[in-house]
Amino acid sequence: MAEPRSRTAGEAVDPDVDLRVPSQRAETRRGMRQIVAAVAAGGAIGAAARYGAALLWPTADGTFPWTTLGVNAAGCAVIGVFMVLITEVWNPHRLLRPFFGTGVLGGFTTFSTYTIDVRRLADDGHPRIAVAYLGLTVVVALLAVWAAAALTRQLAVRGRR
């Protein structure tokens, strides 16, 4: 009788790792621990920074959540800068992307709070603010990533001349 297999059992985690070889599977686990630790450390820093922003600029009930919008816009701008730097300018350490990109920026930006804010505003009788916030956040976040990436790319090209 054949052993049941997961659908993803044959998929490569890392193209250099053959999961059928026990020693290579162990190598993947060691690498994953470092990545998980890097993401966790970065996430703690990012979440603490976001919490600090919420303490500095609290949002009153029923008002436009400017702090969350600002945090998400700033985080998206930093993501734009960071992605250009690590993909086009630098040859970063393998843990920089999980630490900063996934951990710090993932902990700092808060699109889950954004969706809760939208729902809370709508449920509390502020549908216009909710809809404005819903649309404005998407537009501002995308523009922040695009503008920051474009500016960083221009500065990087200028720096190479």
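From the N terminus on, the elements of the chain run α-α-α-α-α, and the chain has five helices and zero strands. Helices (H or I, at least four residues) and strands (E, at least two) are DSSP runs, numbered from the N terminus. This is a predicted model, in which local features need pLDDT of at least 70, side-chain atom pairs count only at pLDDT 80 or more, and totals for chains, interfaces and linings use all residues. Residues are numbered from 1 along each chain as its sequence is written, and side-chain values use heavy atoms, with hydrogens and water left out.

**Burial**
- Of the 161 residues in the chain, 28% are buried (under 20% relative accessible area, 1.4 Å probe, protein chains only).

**Packing of H2 and H5**
- Helix H2 (66-89) packs with helix H5 (residues 127-160) at an angle of about 30 degrees, and their axes are 8 Å apart.
- H2 and H5 are therefore roughly parallel to each other (angles under 35 degrees, on a scale from 0 to 180 degrees between N-to-C directions).
- The contact of H2 with H5 comprises 17 nonpolar, four polar and three charged residues.

**Largest pocket**
- The largest pocket holds about 330 Å³ of space (a pocket is an open set of points on a 1 Å grid where a 1.4 Å probe fits, with protein on both sides within 12 Å along at least five of seven lines).
- Its lining has 21 residues, and Thr 59, Pro 65, Thr 68, Thr 113 and Asp 117 lie nearest the pocket centre (lining residues have an atom within 4 Å of a point).
- Helix H1 (22-56), H2 and helix H4 (111-123) each supply at least two lining residues.
- Nine lining residues are nonpolar, seven polar and five charged.

Technical notes: Points joined across faces, edges and corners; volume = space filled by probe spheres on them. Nonpolar A, V, L, I, M, F, W, Y, C, P; charged D, E, K, R; others polar. Parallel < 35°, antiparallel > 145°, perpendicular 65-115°, else oblique. Buried < 20%, exposed > 50% of the residue type's maximum accessible area, 1.4 Å probe, protein only.
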